[in-house]
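Work through each task before turning to its solution.

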Amino acid sequence: MTENDLTYTQKRVITSAFIDSAVKLGIAQAVLMVQDNLTECFYKMHCDGVYFKELGMFWVFTKSKLQFFKRPAWRDTIEATTFPVQNAGMRTNVNTVLKSLDGETLVIANQEACVLDLNTHRPVPLAKTPFPKEGFPEKVFTKDFEKFDLPDSDFKEVYEQVIRSSNIDMSHHLNNIEYIKFALNVFSEEYLLAHEVDQLEVHYTGESKENQLLKIFHAQKGLENYIKIKEGERTVFEMKITFKS
């Protein structure tokens, strides 16, 4: 495959479904848009989740990192471009760029993903899948994923959340975007309106299912906020969000 074969671009309108109370592209909704564009990119490459399920495999997205430069407003039309940047054997990284129609970069993102066997849930080498092996475009997101090493003693429990049927995705587990929405609930609307997001990084560390009870924890260091979600003693999600000063 060539670089052009691996790149997917489409124009997207920031509709009311993708905005928050600031009438801009919401934080969780930005991740949703990036994830949605990735799905279309994978469909173009004949590597999407529906096709992989027919092959007895499924995608797992383990990490996402977004840098926000300017959140587009309601009714803005933007251009979203997504492309894989590597095949690392057991995992891939996929970049997405959201730009205004005049070329201004609004948001850039990097996502890490791997493939698991549908029956055993064991990792599948990408070489055993139809995923591309070469010809990748140059990465636009060069920051590495971080290691969140705050001790549990730094976190305070904020609230509990029961997983309901509307939170479940096609894999029959809690949808990735629902984790982010639960995490953002540690902030009040007033706080989010007063603090513009700079960077977001999320780690999906475990699976959660319908009717499980989640506990959401929060730690803050200056403008850096860390959120951890647990099911019992298991940590199933971690997030770091940094706001602009």
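**Exercise 1.** Which side chain does a polar contact of 2.9 Å join to that of T82?

*Solution.* Bear in mind that this is a predicted model, in which local features need pLDDT of at least 70 and side-chain atom pairs count only at pLDDT 80 or more, while totals for chains, interfaces and linings use all residues. Residues are numbered from 1 along each chain as its sequence is written, and side-chain values use heavy atoms, with hydrogens and water left out.

Step 1. The partner is N37, whose side chain is joined to that of T82 by a polar contact of 2.9 Å (a pair of N or O atoms within 3.5 Å, where within protein one must be able to donate a hydrogen and the other to accept it, and residues adjacent in sequence count only if both atoms are side-chain atoms).

Step 2. The side chain of T82 also makes a polar contact, of 2.8 Å, with the side chain of T96.

**Exercise 2.** Determine whether T82 is buried or exposed.

*Solution.* Step 1. T82 lies in strand β3, which covers residues 77-87 (strands are DSSP runs of E, at least two residues, numbered from the N terminus).

Step 1. T82 counts as buried because its relative accessibility is 0%, the limit for buried being under 20% relative accessible area with a 1.4 Å probe, protein chains only.

**Exercise 3.** How much of the protein chain counts as buried?

*Solution.* Of its 245 residues, 47% count as buried. The C-alpha trace spans about 45 × 45 × 30 Å along its principal axes.

Methods: Buried < 20%, exposed > 50% of the residue type's maximum accessible area, 1.4 Å probe, protein only. Helix = DSSP H or I, 4+ residues; strand = E, 2+ residues; numbered from the N terminus.
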